[in-house]
Amino acid sequence: MIRVLVTGAAGFIPSSLIDALMNKGIYQVIGIDNFLSGDIQNISEHPNFKFIKADANSYQDISVIMTSYSFDYVFHYAAVVGVKRTLDHPALVLHDIQGIKNILDLCKNTGVKRIFFSSSSEVYGEPVEIPQHEETTPLNSRLPYAIVKNVGESYLKVYQQEFSLPYTILRFFNTYGPKQSNDFVISKFIHAALHDRDITIYGDGLQTRTFCYIDDNIDFTVKIFEEDLFVNDVVNVGHDFQYTMNELADMIIHLSGSNSKKVHLKPLKEGDMTRRQPDITKMKKVLDRELVSLKDGLALILNETNRKRFLDTFLANDLIGE
């Protein structure tokens with residue numbers, strides 16, 4: 001069995017990755033999470049999966065686990081996430097730098113063959129070009145979350161140069177799906193729509209984003225993992241079709257049959273970039289298929305089974321203080 005560690009395992013994307021790996025039948029996966037923003041409902045039972053409550057930012061916690069299991073691969077996805085949380089608690093975000101260093105030190109000392117790091121579109125800051133290419137990173141964002149992701153990317157590159165530790169940096173652009181928590185725009189809009197509540201939009205709603213359905217994110221990640229693609233490289237993971245926030249709200253209202261109205265709030269003082277659109281040439285070449293459209297992805301969430309799961313997840317996140 002191939003041994004894999006996934007940090008942040010109770011989160012939306014990492015828990016979906018674990019589900020996909022378990023379906024393969026060739027991996028033994030250990031998942032860790034401190035439940036700062038993860039949801040215990042995302043943890044699935046499987047004979048080849050074990051969950052351990054632990055904090056990657058605590059060397060004592062993570063060292064015991066990594067020295068005990070001799071992992072072949074590590075997916076370091078643990079991080080403080082959510083725009084409101086990261087803006088309200090910037091010092092908490094900075095603690096994740098220690099977690100990155102902990103993981104990298106232990107990877108190089110325990111024979112890990114490759115580490116995958118979840119970076120973010122936030123590293124691009126306010127775009128200097130559209131679409132945003134992996135080789136053009138202006139570093140003009142002053143947000144702690146963006147700074148930490150930039151620091152993490154630099155750490156990985158240094159450890160590869162100094163200690164020959166292979167890495168892959170995954171720059172995630174808005175990923176959504178049925179298990180997503182209430183920290184993100186699509187989940188917030190859907191929840192409001194399903195309850196016929198006002199959908200609140202910061203500013204004029206003309207800021208654009210692209211939206212990647214979770215299956216596309218996971219299919220791509222597993223494929224480059226198993227085929228040894230983009231070793232010591234950076235790759236955007238997302239969709240390349242832009243929507244304004246107004247268009248997103250209108251689509252959700254229409255698809256859900258909601259009576260919700262759009263309400264515009266004052267623009268955020270920081271953190272709400274005007275445009276987001278990744279260059280996903282690498283991703284399209286690897287998947288060699290059409291990506292899930294936003295309309296189809298929203299319809300998947302709004303089907304009867306996933307609608308109940310979505311609402312249950314949203315309620316659980318409210319109860320644990322997300």
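Helices (H or I, at least four residues) and strands (E, at least two) are DSSP runs, numbered from the N terminus. The model is predicted: local features need pLDDT of at least 70, side-chain atom pairs count only at pLDDT 80 or more, and totals for chains, interfaces and linings use all residues. Residues are numbered from 1 along each chain as its sequence is written, and side-chain values use heavy atoms, with hydrogens and water left out.

The protein chain holds twelve helices and 13 strands. Its radius of gyration is 19 Å, close to the 20 Å that the globule rule gives for 322 residues, so the chain is as compact as a globular protein of that length. That radius is taken over C-alpha atoms, and the globule rule is 2.2 Å times the number of residues to the power 0.38. The C-alpha trace spans about 55 × 45 × 40 Å along its principal axes. Of the 322 residues, 53% count as buried. Buried means under 20% relative accessible area, exposed over 50%, and partly exposed in between (1.4 Å probe, protein chains only). The accessible surface comes to about 14,400 Å², with 51% of it belonging to carbon and sulfur atoms. Areas come from the Shrake-Rupley method with a 1.4 Å probe; for residues, only the protein chains shown count as cover. Contact means heavy atoms within 4.5 Å. Among contacts between residues at least 6 apart in sequence, 80% join residues at least 24 apart.

Seven strands form an open sheet with parallel pairing, in the order 3-2-1-4-5-6-11. Strand 3 (49-53) and strand 11 (233-237) stand at the edges with a single partner strand each, so one side of each lacks a neighbour in the sheet. The twist averages 20° from one strand to the next. Two strands pair if DSSP finds at least two bridges between them. Strand 1 (residues 2-7) pairs with strand 4 (residues 73-76) in the parallel sense, over four bridges. Here threonine 7 has histidine 76 of strand 4 as its bridge partner.

Helix 8 (residues 214-226) packs on this sheet. The helix touches strands 1, 2, 4, 5, 6 and 11, and its direction makes about 160° with that of strand 11. Axes are lines fitted to C-alpha atoms, for helices over the stretch in contact, and angles run from 0 to 180 degrees between N-to-C directions. Helix 6 (residues 144-163) lies across strand 5 (114-120), strand 6 (167-172) and strand 11, at about 155° to strand 5.

Helix 8 has 13 residues and reaches 18 Å from its first C-alpha to its last. This is close to the 18 Å expected at 1.5 Å a residue, the expected span being 1.5 Å times one less than the number of residues. Its buried residues include Ile218, Phe220, Val222 and Phe225, and also Asp216 and Asn217.

Strand 8 (residues 199-202) pairs with strand 13 (residues 262-265) in the parallel sense over four bridges. Threonine 200 stands opposite valine 263 in strand 13. In a regular strand the side chains alternate between the two faces of the sheet. In strand 8, Ile199 and Ile201 make up the covered face, and Thr200 and Tyr202 the uncovered one.

Most residues other than glycine have a negative phi, and most peptide bonds are trans. Aspartate 228, in the loop between helix 8 and strand 11, has a positive phi near 55°. Asparagine 232 is found in the loop between helix 8 and strand 11, and its phi is near 55°, also a positive value. At 30% relative accessibility, asparagine 232 is partly exposed. The peptide bond from isoleucine 130 to proline 131 is cis, with omega near 0°. Proline 131 sits in the loop between strand 5 and helix 6.
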